[in-house]
Amino acid sequence: MPELPEVETVVRTLRPQAVGKRIAGLSVGRMRLRRPWRKSWTPRVVGQTIIAIDRRGKWIIVSLDTGRLLVHLGMTGQFRIHPSAAPLEPHTHIVFDLGATQLRYRDERRFGSVDYFADGGAIAKFLDARLGPEPFDLEPGPWRVSLAESRRSIKAVLLDQSVVAGVGNIYADEALFVAKIAPATPANAIRPAAAERLRRAVVEVLTFAIDCRGSSIRNYLDGTGEPGGYQNEFRVYGRTGEPCMTCGTAVTRVRLAGRSTHSCPRCQPVR
Ligand SMILES: [Zn+2]
């Protein structure tokens, strides 16, 4: 599933290709997305110019002259620029015609969505009801309070978008490894020094992953169709049975918070 670094990379690669372009036409496929596109939105969107593309958590916000599009990539979503003449790939659900190019939303498993909000302020309300701060804006004090108030595993807390927005399975495992914290540790058992180490590890891992342009596992591609590179940098994620890069102990995988969770039992001891 695309997480913060992948979504940020999509946004950064789409901006130079799409901002300033007018949406000359729009077509929608027959298969329904998790939240279906409403027919009444089409005439409101056609004719508008894309004025900005931004990210909040794992969401993409496309600002138009009036209103905004809110895009979530779900499990397998791709939001990419194609030459208009390029054949439509299977599972393409929405096509925004930009003239010589098209901005296409494609999603094999259809857990993603594209919504239109006529009122830009309604998007902020929608997102603020679901999302905590961006990891880069997470203050040490409120973060410690979030941990102290939860008996859930620290892995589950990192995945909770209302605590911190944008972290998913890959970067939770990677940050816990960097911070040397066992993923199953109850959040309220984490001492202040370790909480601060983890807060910094999340920022460090996400920053490096953005520099690497995200991770391409499954079918992730950026806004121009290029894969990411962080999958070559994984320290524990997807490395079950392989030696830990720090101590050589085999990386283990367990099911935690409903997700495959990877860690080094020696570097991340259960306390
Ligand atoms: Zn280790």
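This is a predicted model: local features need pLDDT of at least 70, side-chain atom pairs count only at pLDDT 80 or more; totals for chains, interfaces and linings use all residues.
View 1. Helix α1 (residues 4–18) lies across β5 and β7, and α1 runs at about 25° to β5.

**View 2. β5 and β7 belong to an open sheet of four strands.** In what order do the strands of this open sheet come? Reading across, you get β1-β6-β7-β5, and the pairing is antiparallel. At the edges sit β1 (25–28) and β5 (77–83), each of which pairs on one side only. From one strand to the next, the twist averages 15°. If you're wondering what holds such an arrangement together, strands of a sheet pair through backbone hydrogen bonds, either parallel or antiparallel.

**View 3. Another open sheet has the order β2-β3-β4-β8.** This one also has four strands, with antiparallel pairing. Its edge strands are β2 and β8 (113–117), and each of these pairs on one side only. Here the twist from one strand to the next averages 20°. Helix α1 turns up again: α1 packs on this sheet, touching β2 and β3, and its direction makes about 170° with that of β2.

**View 4. Strands β2 and β3 form a hairpin.** Strand β2 (residues 50–56) and strand β3 (residues 59–64) run antiparallel and are joined by six bridges. To get your bearings, find Ile50, which stands opposite Leu64 in β3. Now follow the chain around the turn: two residues lie between the strands, and Gly57 takes a positive phi near 60°.

View 5. How many bridges pair β3 with strand β4 (residues 68–72)? There are five, and the pairing is antiparallel. Two handy landmarks are Ile60, standing opposite Val71 in β4, and Trp59, standing opposite His72 in β4. This hairpin has three residues between its strands, and Gly67 has a positive phi near 85°.

**View 6. Two helices, α4 and α7, cross each other.** Helix α4 (residues 140–148) packs against helix α7 (residues 192–211) at an angle of about 115°, and their axes are 10 Å apart. That angle makes α4 roughly perpendicular to α7. The crossing of α4 and α7 is right-handed. Which residues make the contact? From α4 come Pro140, Trp143, Arg144 and Leu147, while α7 supplies Pro192, Ala195, Glu196 and Arg199. Sort the residues of this contact by type and you get five nonpolar, no polar and three charged.

**View 7. Domain 1 meets domain 2.** According to the domain assignment, the protein chain has domain 1 (4–128) and domain 2 (135–263). Taken over C-alpha atoms, the centres of domain 1 and domain 2 are separated by 28 Å. Where they touch, 18 residues of domain 1 are in contact with 20 residues of domain 2. On the side of domain 1 that touches domain 2, the elements that give two or more residues are α1 and β5. Which of them gives the most to that side? The answer is α1, with nine residues. As for the make-up of this side of domain 1, its residues divide into six nonpolar, six polar and six charged.

Note on methods: Residues are numbered from 1 along each chain as its sequence is written. Axes are lines fitted to C-alpha atoms, for helices over the stretch in contact, and angles run from 0 to 180 degrees between N-to-C directions. Angles under 35 degrees count as roughly parallel, over 145 as roughly antiparallel, 65 to 115 as roughly perpendicular and the rest as oblique. A crossing is left-handed if the near helix is turned anticlockwise from the far one by less than a right angle, and right-handed if clockwise. Two residues are in contact if their C-beta atoms, placed from the backbone, lie within 7 Å. Ala, Val, Leu, Ile, Met, Phe, Trp, Tyr, Cys and Pro count as nonpolar, Asp, Glu, Lys and Arg as charged, and the others, Gly among them, as polar. Two strands pair if DSSP finds at least two bridges between them. Domain bounds come from an automatic or database domain assignment.
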